Amino acid sequence: MTTHSPASPAIQDNSIATTTWDAIIIGSGMGGLVTATQLASKGAKVLVLERYTIPGGSGGYFERNGYRFDAGASMIFGFGTEGTTNLLTRALAAVDATIETIPDPVQIHYHLPNDLKVKVHRDYEQFIQELGDRFPHERQGIRKFYDECWSIFNSLNAMELLSLEELGYLMRVFFSNPLACLNLAKYLPQNAGDIARRYITDPELLKFIDIECYCWSVVPADLTPAINAGWYLAIGTTAASTIPKAASAKSRSN
Ligand SMILES: Cc1cc2nc3c(=O)[nH]c(=O)nc-3n(C[C@H](O)[C@H](O)[C@H](O)COP(=O)(O)OP(=O)(O)OC[C@H]3O[C@@H](n4cnc5c(N)ncnc54)[C@H](O)[C@@H]3O)c2cc1C
């Protein structure tokens, strides 16, 4: 990789200018890096140009006064070993690389008004128990709502994840996993708010689900597609919830 700044000595390296590249990728965010590694693993000669001083884009970090901050993403998924949602593990494996990860014991620790403190534990039962302790009258609804999120996640985790714009891919996925596809199709017209209100009536708990959705989709539950919510609200409580060992500590307050 080289940098893009005119002052950069790397750009003055003649070998870069005189080499014939099969592909030149502009930007070394996760998208650019994964594209580059996939092409390189197939034997292509690839040049990645980045205008910033370090690679990573929104998945990168910066340091101030001895503290390390995430530039954007703070919970990178895809480092699991099972299912099809382990996209980053597979992207790294394509170029014989690995990254050391550690289990993320608590994905988000919410600190909300009315002293509502909830940890999204990696252990699903522990999360359900903790939320149920805070809303004992909604224990059953909580279980049903998050079980439904899990059913969506399991369907996604059973199918090959590629571009939804490729018709050939959609057909292949449907015929290889019709049950998971039909399960997901059922959720297409639904949003997370619809599902939550089917099981839950407590306004404070519904507000909590709104905030959970907001953390992921930047809109409340009524505007968060059920399939997105299923993915995000379940994945923190799976074995796939791992983070790179070097990742910074995180905590979100609302
Ligand atoms: C606040 C925030 C939180 C997020 N949280 C998560 C999360 O928890 N989990 C998760 O999976 N995802 C998360 N995301 C999303 C994830 O970070 C992005 O989807 C992903 O990093 C985007 O990668 P990208 O390669 O498409 O773009 P970017 O990461 O934006 O990379 C683009 C790169 O291109 C470079 N560039 C741009 N123009 C030029 C140019 N002309 N010449 C050279 N280089 C150029 C930029 O400097 C940058 O390095 C979050 C994003 C944000 C902003």
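A: Let's start where helix α5 (residues 139-157) packs against helix α10 (residues 226-235): the angle between them is about 100°, and their axes are 7 Å apart. The axes are lines fitted to C-alpha atoms, for helices over the stretch in contact, and the angle runs from 0 to 180 degrees between N-to-C directions. So α5 and α10 lie roughly perpendicular to each other (65 to 115 degrees counts as roughly perpendicular, under 35 as roughly parallel, over 145 as roughly antiparallel, and the rest as oblique). On the α5 side, the contact is made by Y146, C149, W150, I152, F153 and L156. On the α10 side, A226, I227, A229, G230, W231, L233, A234 and I235 take part. Sorted by type, the residues of this contact are 13 nonpolar, one polar and no charged. Here Ala, Val, Leu, Ile, Met, Phe, Trp, Tyr, Cys and Pro count as nonpolar, Asp, Glu, Lys and Arg as charged, and the others, Gly among them, as polar.

Before we go on, keep in mind that this is a predicted model, where local features need pLDDT of at least 70, side-chain atom pairs count only at pLDDT 80 or more, and totals for chains, interfaces and linings use all residues. Residues are numbered from 1 along each chain as its sequence is written.

A residue is buried if 20 or more other C-beta atoms lie within 10 Å of its own, exposed if 12 or fewer, and partly exposed in between, with C-beta atoms placed from the backbone. The buried ones are A226, A229, G230, Y232, L233, A234 and I235. They pack against α5, and also against α7 (178-187), α8 (192-199) and α9 (203-217). For the chain of 254 residues as a whole, 24% count as buried.

Let's step back to the overall picture. The chain has 10 helices and nine strands. Among its contacts with a separation of 6 or more, 56% are between residues 24 or more positions apart (two residues are in contact if their C-beta atoms, placed from the backbone, lie within 7 Å).

Next, look at how some strands pair, which requires DSSP to find at least two bridges between them. Strands β2 (residues 23-26) and β3 (residues 46-50) run parallel and are joined by four bridges; here I26 stands opposite L49.

Other strands pair in the antiparallel sense. β4 (residues 61-64) and β5 (residues 67-70) share four bridges, with R64 opposite Y67. Their hairpin has two residues between the strands, and N65 there takes a positive phi near 50°.

β7 (106-112) and β8 (116-121) are also antiparallel, with five bridges, and Y110 has V118 as its bridge partner. The hairpin of β7 and β8 has three residues between the strands, and N114 takes a positive phi near 65°. With 8 C-beta neighbours inside 10 Å, N114 counts as exposed. D115 also sits in that loop, and it has a positive phi of about 55° although it is not a glycine. D115 counts as exposed too, with 7 C-beta neighbours inside 10 Å.

Let's finish with two single residues. D123 lies in the loop between β8 and α4 (124-134) and is partly exposed, with 14 C-beta neighbours inside 10 Å. K245 comes in the segment after β9 (242-244) and is exposed, because it has 9 other C-beta atoms within 10 Å. Leaving aside neighbours within four places in sequence, K245 is in contact with E100, T101 and I102. K245 and D104 are 141 residues apart in sequence, yet their C-alpha atoms are 9.8 Å apart in space.
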